[in-house]
Each structure stands twice: as C-alpha cells, then as structure tokens.
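Please look through the structure shown here before reading the report.

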Amino acid sequence: MDLTLMVMDFDFTLLGEVPAPKSFMVRREFRGVGSFKLTVQRDAGGLLARDRVIYRPDRPGQGWIIHRVSRSGDTLTVDGTPLKGLAKRRICLPPLITGGAYNQFGYDLFTGDAESAYLHFAANNLTAPEDAARAIPHLVLDTNLHRGPELPWQARFEKLSDLFEDIGAATEVGWDIRPDFGAKRYVFGAWAGVDRTTGTGRCALSRELGNVEGGSVTEDAGSAVTVVYAGGAGEDENRLIQSYGSENAGLTRYEAFEDCGSIDDTEMLALAGRRKLTGPSRTMTADVVDGGLCRYERDYDVGDVVTVVLDGWRMDARLIAMQETWEGGRRTLKATFGDPPLGVTELLRTAASSPITATASPSITCWKIRIWALWRLWRAARSRL
C-alpha cells in the first residue's frame, strides 16, 4: 500500500504533493481530537506551512491541518491535528448579557440529543457566532439526524474541544470535521459508529484469527463514579442538592460532586447528575495486522463496535482511537478499544470543571483548597503510572 499525501491551502487551492515522506504518524480519535506528525527529508518551495491542509487522495473524508513546522538541518518535522482540531482554537463563549455597566456573560444552556448538542455549540462558536470574527471560514454544519440520548448541557468559557469530548463520552456519539472537496467547504457533524458484533458485517479481532499480533488489557477504577451528588439552584445551605446512583457501599462506592449550575427542575437535575455516573473502565490496546480478515478502513473504522479477544479477555468494544504509522514503506496499526484510562491532564481538567465549593465567588482560602485538591489528584495519578 503506497502513501500519497497532497497539500492545499485552507481555500482548497492545490499546492502540491508532499515530497518523499520519511515517516507519517496519525492518531484518529472518536471522541477527542487526535494528532499527526510528518517528517520529510526536504521541503521544496516551502510547501509545508502552518494552517495548510494535508490529505490523502484515496481517503477524501480525512484531512489534517498543520499547527507547527520545525527544521533541523535537512529534516523538516510537521505537527498538527485532524481538521477537528479547529475546535481547539475556540472556547465556549456564552451569550452576552447587555444593558449593564460592563459586559456580562451567563451560561450557554442546551437540552437535547447528542447530535443537536454538537451542532448547537458548533454554531455558537464555529460557524455562526455572535461575533463574526470568531467564525471559521468555509465551515458548515451537517444535517441533523438527532442521534444520541437527550441530556442537558451548559458551557461557559471552557475549550470547545473539551466540551465535545465530554458529549462523546456521555453519549457514545462522536464528532468530526471533514472536507467536502466538491463544494470546497468543511463539514462539522456527529459521528455514529456501526455495531459490527452481529450479522453479516460482523468483525472479530484476535490472535487466533491472525489479525492481531499482541496488545494489553487495562482495568481502571480511578475515574469511576457510582454515586453523584448534584448541585442545582441556590447557594450554600439553601442550594438544591440531590444524589443519584447505585446503593453500593464500602470499597465499591465511588462518590463525586457535579456542579449543575442553576438548574431548579429535579428531573433536569437528575439527567445532568446521572451523566457523571461511570463504572470502572476496561481498555484494550492491540497491535492490529494490516491485512487478512476484518481490515481497518475496509471492514471497520474508528467509532465502530467490534469483538476483540485478547489474552483470555473478550469484549464487544468500540474502537475509540487508531494510531497509524507509515515508515520505511510499511504501515503499522495500534488500536484502542473501550474506555481510555483517565490520565493526569484529564484528572486536572475534570477537577477544574467541578468546583469544590458551592460559593459563587471563591475566596483565597477556596483557591488554596482547589490547589491542594489538584495536587492530591496529581499524586494519585502518578501512583498509578
């Protein structure tokens, strides 16, 4: 299988072909953004530059945008993300409240199915924001098929890509930005995988079938939440607090607090609180054989649910990430199935998004408590490494 990479500017003007790549690594993710890294021996005429788009002619639904270019001697290294990395350039800016002495921002609140939530926040921050300067050129929204469960969402100044990842984790509906070469535009839309565990399109991966060479299985309870205390409207002792989850006790009980803003409806609070519930995760990483039965991108893709058998473990699991590496004319594949273990970065982001105190204006003492809690989370994460 040959690798051909083309380069165009963001306006779809073709600029040329990448000259003789030494290596190309791309990580596609169903919920997150992903990344890529390209190394070439030379770059004739400055073809590879920031904000240009790389694509494969045989994979027109994929594209990668360059964020960084570094040169060492005759070697040029290019780093970036799939096109969905454009969401990393925006925050969730809530509607401006006018009429006061200064600019005030509340919350961008939305309740609906997962696909509608994606399109709502994408419209407000990528395609049709109140401030036209925030719009991404040539980016449009895909047709809304209303896929995924209905949940309430609120956003206020967090990274847009982080919010999208949270929606994906809670609903099992992913998201993507894909090029439309015919219309010369980019399309933001939801990404729903296919269940390939039954029927004529079934896909199974194992050593016995010859399409997996090796891998590992990880079970992690570090991010488990079996009981959540959800905080809604009100302040201090007058705040609405409800608990949801199982009746687990002792070591099997994992508690957390979820700040649900100013929700005063108990049914809505239940939806928002239960979104936090999650059991211990199991993750499989597998070195996938690039050939034979059930081939990647031919028989299954990122986001699909397949059957994986590895070292005595059997899972019907979603392919949540695939790392594809081209080097020396050969492609290697490393797949991740199931729920990714929570790392240090995710622990810190989760802690920051769930305030420790119920006060609206944290004092110096509250900030000390937050810093102490983040340090404890970091220590706990390091102990699992």
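## The lining of the cavity

In this predicted model, β6 contributes four residues to the lining of the largest cavity, which is the most that any element gives.

By class, six of the lining residues are nonpolar, three are polar and five are charged. The space in this largest cavity comes to about 110 Å³, and the count of cavities of 30 Å³ or more is one.

## Aromatic pairs

The count of aromatic pairs in the model is 12. For Phe12 and Phe181 the ring centres are 5.7 Å apart and the planes stand at 85°, so this pair is edge-to-face. The pair links distant parts of the chain, since Phe12 is in the loop between β1 (6-8) and β2 (14-17) while Phe181 is in the loop between β13 and β14 (185-191), 169 residues apart.

Phe12 is buried, because its relative accessible area is 9%, whereas Phe181, at 29% relative accessibility, counts as partly exposed. Ring pairs also join Phe12 and Phe181 with Phe10, Tyr55 and Tyr186 in a cluster.

## Charges over rings

Two arginines are placed over aromatic rings. The charged end of Arg156 sits over the ring of Tyr107, 5.6 Å from its centre, and Arg178 lies over the face of Trp191, at 4.9 Å from the ring centre.

Note on methods: Residues numbered from 1 in each chain as written. Predicted model: local features only at pLDDT ≥ 70, side-chain atom pairs only at ≥ 80, totals over all residues. Heavy atoms only, no water. 1 Å grid on protein atoms, 1.4 Å probe; cavity = no way out; pocket = protein on both sides within 12 Å on 5 of 7 lines; lining within 4 Å. Points joined across faces, edges and corners; volume = space filled by probe spheres on them. Helix = DSSP H or I, 4+ residues; strand = E, 2+ residues; numbered from the N terminus. Nonpolar A, V, L, I, M, F, W, Y, C, P; charged D, E, K, R; others polar. Phe/Tyr/Trp six-rings, centres within 6.5 Å; stacked < 30°, edge-to-face > 60°. Buried < 20%, exposed > 50% of the residue type's maximum accessible area, 1.4 Å probe, protein only. Lys NZ or Arg CZ within 6 Å of the ring centre and 35° of its normal.
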